[in-house]
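Open the model in your viewer and keep the sequence panel beside it. This tour goes stop by stop, with a selection for each.

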Amino acid sequence: MPPLYLPPWSKLLVETPQVAGDTVCAGPLSGASPSDDDLYEKTTVTMLQRDSPNTIFVDSYGLHGFTVNGNRVIGPCAIIPHAIIQWNVGSWKDISEESLSLFYLLEPRIEILVLGTGDRVERLDAQLLRFMTRQGVAVEVQDTGHACSTFNFLVNDRRLVAAGLIPPTQLE
C-alpha cells in the first residue's frame with residue numbers, strides 16, 4: 001500500500017503571539033552556542049487542536065482514501081457534522097443533484113460544502129452549483145489536497161461545514 005501523504009495544512013502553523021502550543025528553540029545557526037542569544041531563533045508553534053472529541057479533522061489523504069480522526073476511510077467519503085460515511089461517487093463526473101442530496105438535507109443545515117475533486121480542480125456543471133445555492137448551501141470546489149485544508153480550516157473556525165472528498169489518482 002502506498003504511503004499516506006500529509007496535506008499542506010498538516011504542517012505546524014508558526015505564529016506569534018502564542019495561542020496554544022509550545023515554545024521551541026531552533027538549533028544554533030552557523031555554529032552558534034546557546035549563550036549566543038542573538039543568533040538563536042525563538043519560534044512559537046501553534047497546532048490546530050480539537051476543542052471537543054466530536055470535532056472531525058482530515059488527518060491525511062492518499063491514493064486509496066483518507067484518514068479522518070485516526071480512522072481509515074477507503075475511497076470517496078462524505079464528512080458531515082459528527083459523521084464520516086462512504087460517498088457513492090466514482091469520480092467528479094458522478095457528482096449530481098442526487099449525490100449532493102445528502103448535504104442539503106442535513107439538519108442543522110450546513111453553510112458550506114467543500115468538494116475535493118481528485119488531482120485537480122474540475123469544473124462542475126453551473127446548473128448543479130446554482131441548484132445547491134438555491135438549497136442554501138455554498139459550494140467550494142477544489143483539488144482534494146486543498147479541499148482537505150479548507151475543510152479543516154472551516155471546522156477549526158467553527159463553521160457548519162461538510163466535505164465530499166474523492167481521493168487523487170496520483171500524488172506529487
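Helices and strands here are DSSP runs, numbered from the N terminus: a helix is H or I over at least four residues, a strand is E over at least two. The model is a predicted one.

**Whole chain**

Start with everything selected and coloured by secondary structure. The chain has three helices and eleven strands. Along the sequence they come in the pattern β-β-β-β-β-β-β-β-α-β-α-β-α-β. Of the 172 residues, 38% are buried. Among contacts with a separation of 6 or more, 66% join residues 24 or more positions apart.

Zoom in on the β4 and β5 pair. These strands form a hairpin with three residues between them. Their antiparallel pairing runs over three bridges. Show Ser60: opposite it, in β5, stands Thr67.

Now step across to β6. Thr67 also stands opposite Arg72 in that strand. Gly65 has Ile74 of β6 as its bridge partner. The antiparallel pairing of β5 and β6 covers four bridges. Their hairpin has two residues between the strands, and there Asn69 takes a positive phi near 50°.

**Helix α3**

Select residues 144-156. Why does a length of 18 Å fit this helix? At 1.5 Å a residue, its 13 residues should span 18 Å, and the end C-alpha atoms are 18 Å apart, which agrees.

Show the buried side of the list: Thr144, Gly145, Ala147, Cys148, Ser149, Phe151, Asn152, Leu154 and Val155.

Check both ends. At the start, a side-chain oxygen of Asp143 comes to within 3.3 Å of the backbone nitrogen of Gly145. Just after the helix, Arg158 has a positive phi of about 65°.

**Helix α1**

Select residues 97-104. Which residues of α1 are buried? They are Ser99, Leu100, Phe103 and Tyr104. Their arc around the axis is only 145°, which puts them on the same side of α1.

**Ser99**

Finish on one residue, Ser99, in helix α1. Is Ser99 buried or exposed? Ser99 has a relative accessible area of 13%, and the cut-off for buried is under 20%, so Ser99 counts as buried. Draw a distance from its side chain to the backbone nitrogen of Ser96: it reads 2.8 Å. Beyond neighbours within four places in sequence, Ser99 contacts Trp87, Val89 and Asp94. Val89 lies ten residues from Ser99 in sequence, with the two C-alpha atoms 7.3 Å apart.

Terms used
Residues numbered from 1 in each chain as written. Predicted model: local features only at pLDDT ≥ 70, side-chain atom pairs only at ≥ 80, totals over all residues. Heavy atoms only, no water. Expected span 1.5 Å × (residues − 1). Buried < 20%, exposed > 50% of the residue type's maximum accessible area, 1.4 Å probe, protein only. Polar contact = N/O pair within 3.5 Å; in protein donor to acceptor, adjacent residues only side chain to side chain. Arc of directions from axis to C-beta. Pairing = 2+ DSSP bridges. Contact = heavy atoms within 4.5 Å.
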